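Here's a quick briefing on a helix pair and the charged contacts around it. Have a look at the model first.

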Amino acid sequence: MTRGGETRPDGDGRGAPIDFDRLETIAERLATDDRFVQIEREPEFAPDRLVCTYDDRFYPSTVRTARLDIAWYENGDFSIHYHEDHDAGTFDHRWDRHPSDHNAREHVHPGPDAPTPGDDTAHPDDWRDVLSEALAEIERRQRAFWTA
C-alpha cells in the first residue's frame, strides 16, 4: 500500500509504489529473529527501506557492523542489500528484481563488491522464499568466518 500516493520516481522499482505493508510484515517477522539487534522502519537516510542490523556476535572483531537493507515495491520488485563494514573496507551483496539496463529483471550483485553488471538469476515468486534464501546465504557467510 502506498502512503499518500508516494511512488519512487526512479531507481529499483522504476516508479512502482513502495509496498509499506510488505515492509511492515517483514519487520514484524525479523523483529522476532535473534540475529538482529535493531530493525529500523523508514530511517531518515533510507525512507523507502527497512534496515536490519545484525547482532555482532555473529562476526569476528574485524567486522564493525553488518546490516540488511530491504526495499519492496507493490509490483513485486525488490532490492535486498547486505552490507558489512570491516576494519579494512566493506563487503556488499545484493539480490534484485527490477527492470535493468545491465541485467535481466532478476539478478544478483555478488560480494565482495556487488559489481554492476551482476549475475542474472531466478528468484522464487513468494517474498518469503526470496527472504529465506537471502538470509540463508548470509548465514553461510557468517559461519565461514568461524570455520575458515
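This is a predicted model: local features need pLDDT of at least 70, side-chain atom pairs count only at pLDDT 80 or more; totals for chains, interfaces and linings use all residues.

Residues are numbered from 1 along each chain as its sequence is written, and side-chain values use heavy atoms, with hydrogens and water left out.

**Helix crossing**
- Helix H1 (residues 20–31) and helix H2 (residues 127–147) have axes that come within 12 Å and cross at roughly 45°.
- Helices here are DSSP runs (H or I, at least four residues), and strands are E runs of at least two.
- On the H1 side, Arg22, Thr25, Ile26, Arg29 and Leu30 touch Trp127, Arg128, Leu131 and Leu135 of H2 (contact means heavy atoms within 4.5 Å).

**Salt bridges**
- There are 14 salt bridges, counting a side-chain nitrogen of Lys or Arg within 4 Å of a carboxyl oxygen of Asp or Glu.
- Arg35 pairs with Glu139 at 3.7 Å, N to O.
- Arg35 sits in the loop between H1 and strand E1 (36–41) and Glu139 in helix H2, so this pair ties together parts that are 104 residues apart in sequence.
- Glu139 also bridges to Arg143, with the closest N and O atoms 2.8 Å apart.

**Accessibility**
- Arg35 is buried at 17% relative accessible area, Glu139 is partly exposed at 29%, and Arg143 is exposed at 53%.
- Buried means under 20% relative accessible area, exposed over 50%, and partly exposed in between (1.4 Å probe, protein chains only).

Conventions: Axes are lines fitted to C-alpha atoms, for helices over the stretch in contact, and angles run from 0 to 180 degrees between N-to-C directions.
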